[in-house]
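Visitor: Can you walk me through this one? Keep it short, please.
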Amino acid sequence: MKNVKKIMLGAVAALTLTGAQVAQALTVNGAGATFPYPIYSKWFYEYNQKTGVQINYQSIGSGGGIQQLTAGTVNFGASDAPMTDDQISKVGAGVIHFPTVAGAVALAYNIPGVTTKLKLTPEAIVDIYMGVVTKWNDAEIADVNPGVSLPDLNITVAHRSDGSGTSNIFTNYLTKVSTKWAGLVGFGTSVKWPVGVGGKGNEGVAGLISQIPGTIGYVELAYAIKNNLTYAVVKNRSGVFVEPTIESTTAAANGALKHMPADFRVMITNAAGADSYPICGFTWLLVYRNYSDHAAGKAIVDFLNWYLTGGEAEAKDLYYAPLPDSLIAKVKDKIAQVKY
């Protein structure tokens, strides 16, 4: 009888251990934006260390994240471009947008011998990406940068080759400052670029800028800093040349709070205010409204609560603007709408 009890107790212990191991081994899969990857990778690592939950995130671009979320091949997506009503309607489980941080899109360049942060006007940026301005010493650039020795060097335009939320932010800005761009190209995660070479992800564009003299490209600020790229200060809506920083991104984000929709889908490009950097935006986690997988749904809800209370404080260390406290409170309330 004692032996039977020992066997039963051993079996119970084994089952308990197995349950703990399963809990520790839970993996949640996500895919999407490269724009927030530096901070997401940090958050997901720290959350794994804290809880044992493994969050496997593929940094494949916002377009890819939306596609995989729609196909149901991931537990969550991520995008710097809010999904359209039509895209949301194709997701049977529903979608909720959770803003995480705001970030600046820097116009980085590689001009041999020039380490100055050049001033660029909206008109010059549009003309560069339209293929109208093709030399670095063009008057559109030189006139607002007196004293800078600009070379007679061809401009190579770099853009994203994949479906990209960073592209969405950048082209949304170009559409707001140029009726010509709005009419001929427009904005979105993928557009028909008039000129240039494509790179996959923020990493790919940063690589092109580093490798090809004369190249200009748009990348999330953290990638520009990480890769030691020089980047421009941009003339904003108030006529002030503003550098992409946490503070100038926060200024743009704060302006959006007055008109923040209940679903948090808002663009903050070309924001009003003398201190606002004009090419920046929020990035979102795309979460199903209804989860059939209870464990995955609970793990995601737990993570959402964690990043709002523990993760936001780390945003500035990686050159992102944290969400304002008033917005965090609204996002926390939205978590209750996720069902699992």
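Guide: First, a term: buried means under 20% relative accessible area, exposed over 50%, and partly exposed in between, with a 1.4 Å probe and protein chains only. Helices (H or I, at least four residues) and strands (E, at least two) are DSSP runs, numbered from the N terminus. This is a predicted model: local features need pLDDT of at least 70, side-chain atom pairs count only at pLDDT 80 or more, and totals for chains, interfaces and linings use all residues. Residues are numbered from 1 along each chain as its sequence is written, and side-chain values use heavy atoms, with hydrogens and water left out.

Visitor: Okay, which residues are buried in helix H13?
Guide: In H13 (residues 325-335), they are Leu 327, Ile 328, Val 331, Lys 334 and Ile 335. Seen down the axis, they fall within an arc of 115 degrees (taken from the directions from the helix axis to the C-beta atoms), so they line one face of the helix.

Visitor: And which are exposed on the other side of H13?
Guide: Asp 325 and Asp 333 are exposed there.

Visitor: What covers the buried residues of H13?
Guide: The cover includes strand E4 (95-109), strand E12 (280-288) and helix H12 (294-311).

Visitor: New topic. What is Thr 175 in contact with?
Guide: Contact means heavy atoms within 4.5 Å. Leaving aside neighbours within four places in sequence, Thr 175 touches Trp 181, Ala 182, Gly 186 and Phe 187. Thr 175 lies in helix H7 (residues 165-177).

Visitor: Now sheets. In what order do E5, E10 and E11 come?
Guide: The three strands form an open sheet, E5-E10-E11, with mixed pairing. Strands E5 (119-120) and E11 (241-242) stand at the edges with a single partner strand each, so one side of each is left without a neighbour in the sheet. Two strands pair if DSSP finds at least two bridges between them.
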